[in-house]
Amino acid sequence: MRFSSRKELEEYIAQLKAREDSQRVLVCMGTGCLAKGAEAVYRRFVEVLNARGLAVPVSLEREEKEKGFSLCPTGCMGICETGPRVRIEPRGIQYLRVSPEDVEEIVEETLKKGNIVYRLVQQETSNGKVQYWPLMKDDPFYRKQIRLVLRNCGSINPENLDEYLARDGYLALAKVLTEMTPEDVIGEITKSGLRGRGGGGFPTGRKWQFARMVRSDKKYVICNGDEGDPGAFMNRCLMEGDPHAVIEGLAIAGYAIGADEGYIYVRAEYPLAVRRLRKAIQDAYEAGLLGKNILGTDFSFDIRIKEGAGAFVCGEETALIASIEGKRGMPNPRPPYPAQKGLWGKPTVINNVETLANVPQIILNGASWFRSFGTATSPGTKTFALTGKVKNTGLVEVPMGITLRELIFDVGGGIQGNKRFKAVQIGGPSGGCLSEAYLDLPVDYDSLCGAGAIMGSGGLVVLDEDTCIVEVARFFMSFTQSESCGKCVPCREGTKHMLNILQKIVDGRATLEDLLLLEEAALVVKDASLCGLGKTAPNPVLTTLRYFRDEYLDHVVHKVCPAHVCQAMREFWIDPEKCRTCGKCARVCPVACISGRPKVPYVIDQTKCIKCGSCFEACPFDAIVIRWRRKDQ
C-alpha cells in the first residue's frame, strides 16, 4: 500500500494492530544463528507445520493467523552463543540450541499441548541443583536489560514492512512532517540529551543545530554503519534486525537539518545487513515513506547505500566522507567540520546506527521519557556486544549508569569456568582496560572517560585470570597499527614504534628503558595524531600501564608471564627418567642447543634455546617438559 497522507498511515496501522494475535514461532535469523544452522531449523518448521495442516507462511502473513500459528524469521535475540534460538509468543517461551530434530517435539508439545520442552530451555546447575528459565522475562540475561533500541530485534520480521508498521513504525516521521518544524525536532532531540552512540558522545541535537544553521542549497545526512572494532557487532545486529528504524531515524535527521538525501555507509562484510537494508529502503519507497513528497508533504528524501571496504579508519567522519566520494579513506584536519563542509563540500551530519535508531522513539514518546532512563549526563540506554570470557556472550542493551559488575556478572552471568575476573576492555581497540577495582564504576560517558577508557561504539571484552594483559595491549596495538591509514607521522610511525616495544616485552627482550619509551610514545601519539584513530590508539597501552604496571615489570624485569601466555617466558627441559636417548629432539632443534649421547639423557642449553617447541613436538616419549619461569628463579 502507498500512503499519501498521515491519516492513511495511521488508519492502516490501526488495522494491523486490531488483528488478533495468535501463537507466533519466532526463529532467529541473525548472522550468528544462521551460522549455527537456523535456516535448517526454519525450513524444518515449515515442513512439520505443513505436514500437520497448520499455518505455514514463509514469512508472517496476517491472514494465516486464523489457523492458529504463524512462523516468523527475526533478527538477533541476544545470546548469540546459544543459537539457533526459537521463541514462542505470546507466552515468551524461549528455546536454545535448537536443531531440526527438535522441531517436531516443539510443535507437538508446545504449540499443540502447551507444554514446555525443558531440555531446550535456559538452565544452570548450581550445587547439584538444576534451575530452569523457560520464559524470556525470567532469564537473568534479560532481567536488567531495557530494550529500547532493540525493541524490535528478535520480535519482528525485518523484511516485512507491516511488522514494523504494527509497532508504530514511521509514525514519528509522520509526526515531524505534519506537526513539527525542523527547529522543534532539533529542540526535542536536544532536550532528550541524546549523545552520539558511535564513541565520541557528542550531543546529537547540537550537531544537528550546527548543520541546520549553515546556509546551503544542498545538505546530506549519513548513517555510519562502519563497525570495525574487534568483538563488536551491535550495529550489524540492529541493521539486520530492525532496518526500518534506522531508515526512519535518518529521514527525520534529514528533515531536521534541511537535507533531501542520505547515505547509509555499511561495510561490505555485512552482506545480510546490506541485503535487508536494501529491501527495507525499496519497501519504504513503494509505500511512499521515502522519495518525493512523503505522506503528501513538501518533504522529499532519498537514501543510498554505500558499501565500505572494511577499513577501520573509515569510521572517522572525514575518512568516511572521502570514501563515499570515491577517494581513499583518509581523514582530513578539522575545522572545517562536516556540519560546515562535508560530503561533496556540502553541510553534512553523520550519526551512527544506534543514535539514529533512538530518534523515532524520542519523537514519539518525548524527551522526558527518554531522560527517565540512564543518568543526568548520559540519558537513555546503550547496546553492547558482550564477549570474551563471560558466560553469556551476545547483544545486550542496558540503561546508562549500570555498573560494570552488574553488566558482567548479572547480565553476562559471570566468568566462564568460575575463574577470577581480571579486566574488561571497553570501547574496542581505542578503548581501555579497566581492572577489578573499577567493577562498580557506572557505565556512562563521563565515568569511563575519567577512568581512562571510552564508551566507543559498544564493544566490551571480558578478560579472566588466564589472560596476559601485555599480550592484550600488543594485540590491540597490532590492530590499530595495521589499520592506520599512514597520513600523519605520529600515528603511522608512533603506533609502529609502540608495537615493536610491546613485541619486545612479550618476547622477553625489553628493558626498563623500553618501558619508559613505550609510555612516552603513547602520550605523543595521543596528543599529536590527526584523527580519532591515532588519538585513541594508545588507550589500551596507557590504561594497562596504569592499572597493571606490575605485570609489565614481571615481563621486563623478571622475564615472567604470570598468566602463562607469552611463549618466550617458558622453558623446555628434558626429563632424564623418560629420555630414551633417541636423539630426535636434537635433530629437529633449529639452533642445535640440545646435546647428548647414547645411554645418557639429553639436555637443553637454556642460554641458546629459542623456545620454538620443535623438540616438544618431536619427542615420542613425552620426555620434554614445559616449565614457566618464576620470579624467584
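At what angle do helix α9 and helix α11 pack? Helix α9 (residues 204-213) and helix α11 (residues 243-257) pack at about 45°, with their axes 8 Å apart. The model is predicted: local features need pLDDT of at least 70, side-chain atom pairs count only at pLDDT 80 or more, and totals for chains, interfaces and linings use all residues. Residues are numbered from 1 along each chain as its sequence is written, and side-chain values use heavy atoms, with hydrogens and water left out.

**Helix packing**

- Axes are lines fitted to C-alpha atoms, for helices over the stretch in contact, and angles run from 0 to 180 degrees between N-to-C directions.
- Helices (H or I, at least four residues) and strands (E, at least two) are DSSP runs, numbered from the N terminus.
- Helices α9 and α11 are therefore oblique to each other; angles under 35 degrees count as roughly parallel, over 145 as roughly antiparallel, 65 to 115 as roughly perpendicular and the rest as oblique.
- Trp208, Ala211 and Arg212 of α9 make the contact with Ala253, Tyr255, Ala256 and Ile257 of α11, where contact means heavy atoms within 4.5 Å.
- Helix α8 (residues 182-192) packs with helix α14 (residues 353-365) at an angle of about 100°, and their axes are 10 Å apart.
- Helices α8 and α14 are therefore roughly perpendicular to each other.
- On the α8 side, Val185, Glu188, Ile189 and Ser192 meet Val359, Ile362 and Ile363 of α14.

- Strand β11 (residues 381-388) and β12 run antiparallel and are joined by six bridges, and alanine 385 stands opposite leucine 395 in β12.

- Six of the six residues of strand β7 (residues 220-225) are buried, meaning under 20% relative accessible area, against over 50% for exposed and partly exposed in between (1.4 Å probe, protein chains only).
- Tyr220, Ile222 and Asn224 point one way from β7, while Val221, Cys223 and Gly225 point the other way.
- Strand β8 (residues 261-267) runs parallel to β7, joined by six bridges, and valine 266 in β8 is the bridge partner of glycine 225.
- Strand β10 (residues 348-352) pairs with β7 in the parallel sense over five bridges; asparagine 352 in β10 is the bridge partner of asparagine 224.

Key. Pairing = 2+ DSSP bridges.
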